[in-house]
Amino acid sequence: MQSFDWYTYGAIGLLALCTVLTRASYHLFGHRVPLGDGVRRALRYAPAAALTAIIVPVVLPWSAEGLGTVVDEKIFAALIAVWLFQRTRNNLVMIIGGMVAFWLIRALFR
Amino acid sequence: MSEPSNLSLQAEKKRAIREGLIAVRPALIATFTWGLVTGVAMVKSGLTESAAVAMTLLVYAGSAQLTSLPLIAGGAPLWLIFAAGCIVNLRFLIFSAALHPYFRSLPWFKRITYGYFTTDMSFVLFMPRFGEASERGTYFQRWFFLSTIILGWLTWQSSSLIGIALGALVPSEWGLDFAAVLALMAITIPLANSRPMLVSMLAAGLTAWVAQPLPLRLGLLVAVVVGILAGIWAEKSMKKERR
């Protein structure tokens with residue numbers, strides 16, 4: 001019998017709390033907390049910055065020795081995916097094309 | 001607002017639900033695809049199937065879920081996962097601020113429920129239709145909203161569960177966890193729709209790359225702060241240029 005995975009379910013519980021806090025707190029307390037212009041502006045940049053900051057270390061991780069970066073099929077597949085998105089403006093083409101590029105590069109160079 | 005008679009209320013309800021269903025239909029293909037990809041990504045990033053089912057049913061926020069996957073896989077501290085999820089979800093704070101007038105008169109538990117089920121899609125369908133409405137919070141508006149969020153929820157959850165089942169069948173050697181990164185990129189790249197936004201994202205990305213050796217994935221928070229500052233700086237310097 002496997003023991004209960006507190007870490008993963010803790011993360012899930014906290015993320016559920018994130019959903020409620022961000023989506024419902026204004027409905028509950030909105031009349032008391034007006035959103036200022038400066039706050040709104042900061043809020044506009046934060047999500048895109050966070051998403052970018054999650055993606056970059058996955059596609060361009062540092063090598064274990066700490067010197068330089070690991071260049072493998074991920075960064076090339078990611079660049080091809082970006083190029084595909086610029087051409088087609090289609091999410092699905094980007095995901096499937098990026099995945100195919102990932103497999104092709106791995107098959108050719110490994 | 002004067003209480004409409006029961007009969008006309010029924011007719012209005014039917015009309016609102018019908019209009020909501022017609023409006024939401026084209027968007028459901030996108031919702032279904034995202035749910036499928038997110039379902040596969042959760043399982044392929046190392047969550048057990050039951051954890052993935054719990055995540056989709058409880059969290060119900062695709063971008064926060066996809067963001068958390070590399071953090072959970074890397075064993076980041078829980079408070080950082082919480083912070084990252086909240087930051088990625090910040091747009092909902094702006095959405096709910098805009099939706100607030102339409103639900104203000106309801107009791108608090110109904111307001112929480114409407115809030116919890118608000119998605120990008122429901123917001124995007126609702127605001128252009130009723131943003132300029134002279135009367136806010138009518139029965140018609142709420143029933144319209146309700147029909148879009150119910151259909152959106154059903155579509156997202158069923159496609160997510162199918163994705164979880166599919167993900168469990170596909171061998172890990174296929175590297176489908178990379179599809180999670182591609183899905184995140186598909187959310188992120190369209191956000192670069194102005195020069196300050198692009199500057200902000202480049203600054204955040206560079207910071208995140210440089211800050212990788214920081215413990216506990218703290219580079220993420222540093223990158224967000226740098227990104228916000230860079231965006232505001234770019235906005236201001238562009239305004240000066242124009243003068």
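Helices here are DSSP runs of H or I with at least four residues, and strands are runs of E with at least two. By that assignment, chain B of this predicted model comes to 12 helices and 0 strands.

**Stop 1: chain B as a whole**

Select chain B and colour it by secondary structure. Read along the sequence, the pattern is α-α-α-α-α-α-α-α-α-α-α-α. Of the 243 residues in chain B, 53% are buried. Among the contacts in chain B with a separation of 6 or more, 79% are accounted for by residues 24 or more positions apart.

**Stop 2: the two domains of chain B**

Next, colour residues 6–174 of chain B as domain 1 and residues 192–243 as domain 2. The centres of these two domains of chain B, taken over C-alpha atoms, are separated by 28 Å. Where they meet, 9 residues of domain 1 are in contact with 6 residues of domain 2. The area buried between domain 1 and domain 2 of chain B is about 610 Å², and carbon and sulfur atoms give 85% of it.

On the domain 1 side, the elements that give two or more residues are helix H4 (62–73) and helix H5 (78–88) of chain B. H5(B) provides the largest share, 5 residues. By class, this side of domain 1 of chain B has 9 nonpolar residues, with no polar and no charged ones.

**Stop 3: chain A**

Now hide chain B and select chain A. Chain A has 4 helices and 0 strands, running α-α-α-α from the N terminus on. Of its 110 residues, 44% count as buried. Among contacts in chain A between residues at least 6 apart in sequence, 30% join residues at least 24 apart.

**Stop 4: the interface of chains A and B**

How many residues does each chain bring? Chain A gives 64 residues and chain B gives 84. The size of an interface is often given as the accessible area lost when the parts come together. For chain A and chain B, the buried area is about 6700 Å², with 77% of it on carbon and sulfur atoms. On the chain A side, display A:Arg23, A:His27 and A:Tyr45; these supply 13% of the area that chain A buries against chain B, more than any other three residues.

Across the interface of chain A and chain B, the rule finds 0 salt bridges but 16 residue pairs in polar contact, both at pLDDT 80 or more. The elements that give two or more residues to the chain A side are helix H1 (6–29), helix H2 (37–59), helix H3 (73–88) and helix H4 (91–109) of chain A. To finish, select H1(A), from which the largest share of this side comes, 21 residues. The side of chain A that touches chain B divides into 45 nonpolar, 13 polar and 6 charged residues.

Methods. Residues numbered from 1 in each chain as written. Chains lettered and ligands numbered in written order. Predicted model: local features only at pLDDT ≥ 70, side-chain atom pairs only at ≥ 80, totals over all residues. Heavy atoms only, no water. Domains from an automatic or database assignment. Contact = heavy atoms within 4.5 Å. Buried area = accessible area lost by both parts, 1.4 Å probe. Nonpolar A, V, L, I, M, F, W, Y, C, P; charged D, E, K, R; others polar. Buried < 20%, exposed > 50% of the residue type's maximum accessible area, 1.4 Å probe, protein only. Salt bridge = Lys/Arg side-chain N within 4 Å of Asp/Glu carboxyl O. Polar contact = N/O pair within 3.5 Å; in protein donor to acceptor, adjacent residues only side chain to side chain.
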